[in-house]
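This briefing concerns a ligand site and the salt bridges of one structure. The sequence and the structure are shown first, and the points follow by topic.

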Amino acid sequence: MSSPQNDAPSPSSKLIFAPTDSPTAPHAHQFSASPLSLPTLSPSPLTQFHTLFTAGQRAHLPQPETCVLSTAALPSGRPSARTVYLKELDDRGFVIYSNTEHSRKAADLRTNPQACLTFWWAGLERQVRVTGAVERVGVEEAQRYFDTRNRESRVGAWASRQSEVLKDRKELEERVKKEKERWEGKEGIEVPGHWGGWRVVPEEVEFWGGREGRLHDRFLYTREGEGWRIERLSP
Ligand SMILES: Cc1cc2nc3c(=O)[nH]c(=O)nc-3n(C[C@H](O)[C@H](O)[C@H](O)COP(=O)(O)O)c2cc1C
């Protein structure tokens, strides 16, 4: 890893420097929502997550199911991250659906089946990080979710080799047209072999709550036998 550079260019030469909402409020945003405290936490991070998630829904946060899925390829160790939607949660873990063959996440997970999901709910001043091994969702279960998608999205899943280079938009449109014709008149659409779900089986779940002066609350759940150990972390 390279060491820090000694030169210090003037802030005015930077395109972005200590950005804030307004020139009259020169300090970074301060958090002020209610504290996260140990006695109020559920013994299970899944229940705790669900409580927060439903609070987000009640508060009409925009798409609280939105999260960042981070993966890392081996042997390079090069990380990559992208936004996805959480689609299912039960006591086995957190499920997302995607292209499981052509995409970069698929390539990463083939070499290293470990992942991290990060949720940021600004309106609640809460962040959650879920870390763990990844397993594939069974085909039957994936089909059940696939059937809830609108027809266009189901056909689109067949047509797209996600993350592969396209010559132009027309190439994609032609693939979609072909798939539309193939599925014409058929009520059900089979889940494509290159599409499905991954479940992140949580090994660690960290809940972060914003506090004033950047002295935030953080609680880390770590799997321990059948239960979970909970520890407070430094901000
Ligand atoms: C709000 C939002 C939600 C998304 N949800 C998904 C999703 O659930 N599944 C998915 O495969 N891609 C989703 N995407 C697209 C991904 O961010 C990404 O572009 C795609 O999965 C290819 O990533 P990869 O090449 O790194 O695997 C979403 C993008 C945005 C902006």
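Glu135 has a relative accessible area of 35% and is partly exposed. In this predicted model, Glu135 forms a salt bridge with Arg199, whose closest N and O atoms are 2.7 Å apart. The points below begin with this pair, continue with other salt bridges and end with the ligand.

**The pair Glu135 and Arg199**

- Arg199 is buried, with a relative accessible area of 3%, whereas Glu135 is partly exposed.
- Arg199 counts as buried because its 3% relative accessible area falls under the 20% cut-off.
- Both residues also belong to a network of salt bridges that links Asp90, Arg92, Glu135, Glu141 and Arg199.

**Other salt bridges**

- The whole structure contains 15 salt bridges.
- Glu224 is partly exposed, at a relative accessible area of 44%.
- Arg229 is likewise partly exposed, at 33% relative accessibility, and Glu231 is partly exposed with a relative accessible area of 33%.

**Residues around the ligand**

- The shell around the ligand consists of Arg82, Thr83, Val84, Tyr85, Tyr97, Ser98, Ser103, Arg104, Lys105, Gln162 and Ser163.
- By residue class, the shell has three nonpolar, five polar and three charged members.
- Strand E2 (79–90), strand E3 (93–99) and helix H2 (104–111) each contribute at least two residues to the shell.
- E2 gives the most, with four residues.

**Polar contacts and cover of the ligand**

- A polar backbone atom of Thr83 lies 2.7 Å from an oxygen atom of the ligand.
- In the side chain of Ser98, an N or O atom is 2.6 Å from an oxygen atom of the ligand.
- Gln162 has a polar side-chain atom 3.1 Å from an oxygen atom of the ligand.
- Of the 620 Å² of accessible area that the ligand has on its own, the protein covers 66%.

Key:
Residues are numbered from 1 along each chain as its sequence is written. This is a predicted model: local features need pLDDT of at least 70, side-chain atom pairs count only at pLDDT 80 or more; totals for chains, interfaces and linings use all residues. Side-chain values use heavy atoms; hydrogens and water are left out. A residue is near a molecule or strand if one of its heavy atoms lies within 4 Å of it. A polar contact is a pair of N or O atoms within 3.5 Å; within protein, one must be able to donate a hydrogen and the other to accept it, and residues adjacent in sequence count only if both atoms are side-chain atoms. Accessible areas come from the Shrake-Rupley method with a 1.4 Å probe; for residues, only the protein chains shown count as cover. Ala, Val, Leu, Ile, Met, Phe, Trp, Tyr, Cys and Pro count as nonpolar, Asp, Glu, Lys and Arg as charged, and the others, Gly among them, as polar. A salt bridge is a side-chain nitrogen of Lys or Arg within 4 Å of a carboxyl oxygen of Asp or Glu. Buried means under 20% relative accessible area, exposed over 50%, partly exposed in between (1.4 Å probe, protein chains only).
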